[in-house]
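Me: Please take a close look at a single part of this model and describe its surroundings in one connected account.

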Amino acid sequence: MVVENGAWQRYYSHWAANREIDEWLDDVWCEGAALVDHDRRILLWFAFADTWTDHIAARAVLARTWPGWDVSFAHDGVGDLTHHLGLGRDLTRAPGWFETFEPSGFAATEYTDPRSVASLRRPDGSVRAWGSDWEPIEHLAAGLGLIDLLVASSATPALADMPHGGVHFDPQARTVSLWAVQNVAGIHNWPLPGWENWVLDFLGDDHTQQAGLLPADFPIPQPPLAAALRRLGDGLSTPPPDRGAFLAHATAAPGPEGTVPVVNPAALVRHEPADPTPAELAALRRALDALVAGAEVD
């Protein structure tokens, strides 16, 4: 979506936003999006990240390449975008779309690279933590019954890799906190079913609050960022060469016996509007190089 001079327009493509459309994609079909509000200098975006570092790397690049803009990850997916446009969060969502379930067990995992980490403050003030195969929002969809299952759950291995998110429960304070580096659609529809009279502390993608609560033998790993930044650089396309000088020289040269020289049209490479220009790619590479250098020092 592009907002300019008080009006907005949708664009769609599998690879780049270069085709206007007159309909919305829902949370299932929209795997990534950006809303560029020129009037308020706001960029809202979301996309799936394979790892925590991939998300943090993308966020760092956007912060550097959009100076002076408010750049935010749209955790509520399409809901955040339609809300920004004043259309509400449920424009693309049918009533009752947020499905709850009664858990029969806790999705603890024996692996050291779970999707999320769940933690619980016990009555004595101590905190226990578990690795979980559930996405962060699924813990809330399970309702309050999950807390009793957590209490009865056996220990899981300490984390060997950074999860995609985490949930912390404090029954005494009736507070639940959640962070994630991916979509958590519905998070702003609080209270979610089953969590009435509880307070939500939504932390965006900031894991540090939960990390500070976890026991010493269950730390959240802090993977290096430089490798993820390099992967972003490896994925950049190479801009086509600038053939302008060559073509100017070729057309200026006299043809044999006064004929007009002919230039093969295939030598001209038309720039697609959705593609970055060579100058934009060069600026992005400079930004990545600077971020990699900073990450290696850290």
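**The loop holding His188**

Reply: His188 is found in the loop between strand E11 (175–180) and strand E12 (199–202), where strands (E, at least two residues) and helices (H or I, at least four) are DSSP runs numbered from the N terminus. The model is predicted, so local features need pLDDT of at least 70 and side-chain atom pairs count only at pLDDT 80 or more, while totals for chains, interfaces and linings use all residues. Residues are numbered from 1 along each chain as its sequence is written, and side-chain values use heavy atoms, with hydrogens and water left out.

His188 counts as partly exposed because its relative accessibility is 36%; buried means under 20% relative accessible area, exposed over 50%, and partly exposed in between (1.4 Å probe, protein chains only). Not counting residues up to four places away in sequence, His188 touches Asp76, Asp80, Arg89 and Phe202, a contact being heavy atoms within 4.5 Å. Gly79 and His188 are 109 residues apart in sequence, and their C-alpha atoms are 9.1 Å apart in space.

Pro191 also lies in the loop between E11 and E12. The peptide bond that joins Trp190 and Pro191 is cis, with omega about 5°. Most peptide bonds are trans, and most residues other than glycine have a negative phi.

Arg174, in the loop between strand E10 (165–170) and E11, has a positive phi near 50° and is not a glycine. Arg174 counts as partly exposed because its relative accessibility is 36%.
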